[in-house]
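This briefing is intended for a reader meeting the structure for the first time. Please look over the sequence and the model before turning to the notes below.

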Amino acid sequence: MEDQNQIPAENPSEQSETPGTPRRRLGRGLNALLGRGGTDEESENQSAGTADASETSVPVEQDEIDVDLIERNPYQPRQDFAADSLKELEGSIRQHGVLQPLLVRPFDGAYQLIAGERRLKAAREAGLKTVPCRVLNLEERQVCEVAIEENLKRKDLSVLEKAQAFRNYLNQFDSTIEQLAQTLSLDRSTVNNMIRLLDLAEPVKQALQSEKISAGHARALLSLDEQRQVSVCEQIQAESLSVRKTEAEVRKILKGEVDTVPFENARKAATAPEMTNHLLDLQQQLREILGSKVEIKLKSDHSGQILIPFDSNETFERITGVLRKTA
């Protein structure tokens, strides 16, 4: 059940960055905004970084606001809300009211939610006309960052929802993976590996979303082409393979010891030159830099293609922007 008992502390001000001064990361400021998180788990994880109240400068007020005047956060990563959990929260709100204020910002003559969508949904189901809110003056980018950070460590938010939120952020705000990782106080490889899961074959993503395979299984499949991904994914489910055994199976396939695709496709693949470790390293570097499933395909030892897929205008603009900056 969502923890309503944590009362948010004051919001830290944005600090100007000067040479030699480390950039203060978002996680520290969000502890103040979110009152050390929306769940017990988040409170425990974030308690060490709570900002000092003396840093406060963003105007904050608390008030009862009509639920009909609050629209959802367009950057909310969570798409599915567990019905039983929501029902439990609704019962708590009927009995005790909303104990932890929602975070909102003024928007088009009304308000836009920053954090607390489960509480808002449950309050509406409980028949409340108004809910306690803290009104914060945040910019668009900050609202998106808060939405990601608030949901990042929650177990019921799927890894693909997190990955999609990361990719949307990169596209929306012309950010790099490095910048996003710094903002969220995460390793660059963690953010990159999560985003890469969006490039899996659709049946594999469906298996991951329905928890038939784990994120560890899915990451192991990333180095395979889509046909082999699907085949090994089916094998994982049929044989209950562990992540370690899956990684071993993938290594065998990449070494040519095992083939899991239909014979005709395998015969065609056999005619292509083998990728060297150097090219595989370059391919991985390009994927990390561009945040896309870049593929190097060889036609001969001295010719081939570099394929850079994109799934939207925003992704295309972001990739071309990175290429222009690099050039």
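Is T315 buried or exposed? T315 is buried, because its relative accessible area is 2%; buried means under 20% relative accessible area, exposed over 50%, and partly exposed in between (1.4 Å probe, protein chains only). The model is a predicted one, in which local features need pLDDT of at least 70 and side-chain atom pairs count only at pLDDT 80 or more, while totals for chains, interfaces and linings use all residues. Residues are numbered from 1 along each chain as its sequence is written, and side-chain values use heavy atoms, with hydrogens and water left out.

**Overall composition**

- The protein contains 15 helices and seven strands; these are DSSP runs numbered from the N terminus, helices being H or I of at least four residues and strands E of at least two.
- Of the 327 residues in the protein, 45% are buried.
- Contact means heavy atoms within 4.5 Å. Among contacts between residues at least 6 apart in sequence, 70% join residues at least 24 apart.
- The protein exposes about 17600 Å², of which carbon and sulfur atoms supply 47%. Accessible areas come from the Shrake-Rupley method with a 1.4 Å probe, and for residues only the protein chains shown count as cover.

**Nonpolar cores**

- A nonpolar core is a set of buried Ala, Val, Leu, Ile, Met, Phe, Trp, Tyr and Cys residues joined through side-chain atoms within 4.5 Å.
- The largest nonpolar core has 45 residues, and those with the most contacts inside it are I148, F166, L197, I213 and L221. Helix 6 (residues 159–172) gives this core its largest share, seven residues.
- Apart from this core lies another, of 18 residues, including L86, L113, A123 and C133.
- Leaving aside neighbours within four places in sequence, L197 is in contact with V159, L160, K205, L208, A218, R219 and L222.

- Helix 3 (residues 83–96) has 14 residues and reaches 20 Å from its first C-alpha to its last, close to the 20 Å expected at 1.5 Å a residue. The expected span is 1.5 Å times one less than the number of residues in the helix.
- S85, L86, L89, E90, S92 and I93 are buried in helix 3. They lie on the same side of helix 3 because they cover an arc of only 165° around the axis, the arc being that of the directions from the helix axis to the C-beta atoms.
- The face turned away from the buried side of helix 3 carries the exposed residues A83, D84, K87, R94 and Q95.
- Helix 4 (117–125) is the element against which the buried residues of helix 3 pack.

**Helix 5**

- Helix 5 (residues 140–152) has 13 residues, and its first and last C-alpha atoms span 18 Å, close to the 18 Å expected at 1.5 Å a residue.
- Helix 5 is mostly covered, with eleven of its 13 residues buried. Among them are C144, I148 and L152.

**Cysteines**

- The structure holds zero disulfides, a disulfide being a pair of cysteine sulfur atoms within 2.5 Å.
- C133 counts as buried at 0% relative accessibility, and C144 is buried with a relative accessible area of 3%.

- D174, in the loop between helix 6 and helix 7 (177–183), has a positive phi near 50°. D174 is partly exposed, with a relative accessible area of 43%.
- E211, in the loop between helix 9 (202–209) and helix 10 (215–221), has a positive phi near 65°. E211 is exposed, with a relative accessible area of 70%.

**Links across the sequence**

- T315 belongs to helix 15 (residues 313–326). T315 and N168 are 147 residues apart in sequence and 8.6 Å apart in space, C-alpha to C-alpha.
- Not counting residues up to four places away in sequence, T315 touches N171 and F310.
- Y111 lies in strand 4 (residues 110–115) and is partly exposed, with a relative accessible area of 24%.
- Y111 and N73 are 38 residues apart in sequence and 9.9 Å apart in space, C-alpha to C-alpha.
- Beyond its neighbours within four places in sequence, Y111 is in contact with residues including I65, L69, V104 and V135.
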